[in-house]
Amino acid sequence: MDKRLEMLRKDYKDIPIPKELDRIVAQALQEKPKKKKRPVWLASVAAAALLFIATVNFSPEAAQAMSKIPLVKELVEVVTFNEFKEEKGNASIDVKTPAITGLDNQALEDNLNQKYVEESQKLYEEFAKSAAAENGHFSMNSEYEKVTESPEILSVRRTIQRTQASGYIQNRYVTIDKENEVLITLKGLFKNGQYVPVISENIKEQMKQQMAADPNKIYWVSENEIEPFTQISPDQPFYINQDHKLVISFDEYEAAPGYMGPVEFIIPTAVISDLLVGERYIR
């Protein structure tokens, strides 16, 4: 994996920067006050392997991010750092590694991107181990998407799917306050830990209501279940949607049978309003 990252770094370094990009950057520097100089290389697992947006592979997302340079408050973006595909026997992998760009808070940006690279490295190691074991067909896929983008907030979902006989899907989220350049955590939204039982009880109610309305929906909420859903974890995956509502996410098989896939629940703000530290994010 380290060798792959080093090769990618060299490839990206050799990419010529289009003249149009030079023009956009020059115009941005003339029209807006100069921001602090940003390092070209960002932290990574092997060394500084993530790149500044000018040398990220020119995907549509990257091009769109570059087109927004004159608008300082819209600079924070998610782009594709790299995508690697490989097949070994009956095993295959196709993983896109995202990268957050445009933050003045360099420590936050570096830490988030290093985490993404570390996740990709672990996925590759899992793929290599499965390929070496030759335990039948195995595939690993990872995509990402912006689930929320507003002037204040950027929420990114990274989906990881493993398939071997049956599939298993995980969703992981990063939510950033773009204006204050801080990472938003579930715990940080609330005054104290009371949010865990309150949100959990609301989710149980939603599960029961959905099952009553649709016989095709099943959640592991009954006390008769072997492992019934009892409560969320303090750091349960979540995001804030476009309507400023809190959305709690569960991986496939975590709270329901596999055919239900990953499930999520929008938490009514009225249920948690007294527990929130403020109304900036959740309204």
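The largest nonpolar core of this predicted model has 30 residues, a nonpolar core being a set of buried Ala, Val, Leu, Ile, Met, Phe, Trp, Tyr and Cys residues joined through side-chain atoms within 4.5 Å. Buried here means under 20% relative accessible area, with a 1.4 Å probe and protein chains only. The residues with the most contacts inside this core are Leu 189, Phe 190, Ile 199, Ile 203, Leu 246 and Ile 248. Helix H5 (195-213) and strands E9 (238-240), E10 (246-250) and E11 (263-267) each supply at least two of its residues; the largest share, five residues, comes from H5. Helices (H or I, at least four residues) and strands (E, at least two) are DSSP runs, numbered from the N terminus.

Beyond its neighbours within four places in sequence, Ile 248 is in contact (heavy atoms within 4.5 Å) with residues including Leu 186, Ile 199, Ile 203, Phe 238 and Phe 265. A second, separate core of twelve residues includes Leu 103, Leu 108, Tyr 144 and Leu 154.

The model also contains an open sheet of six strands in the order E3-E4-E5-E6-E7-E8, with mixed pairing; two strands pair if DSSP finds at least two bridges between them. Strands E3 (77-88) and E8 (182-183) are the edges, each pairing on one side only. Strand E7 (residues 166-177) and E8 run antiparallel and are joined by two bridges. In E8, Leu 183 is the bridge partner of Ile 176.

Residues are numbered from 1 along each chain as its sequence is written. Local features need pLDDT of at least 70, side-chain atom pairs count only at pLDDT 80 or more, and totals for chains, interfaces and linings use all residues, while side-chain values use heavy atoms, leaving out hydrogens and water.

Notes
Buried means under 20% relative accessible area, exposed over 50%, partly exposed in between (1.4 Å probe, protein chains only).
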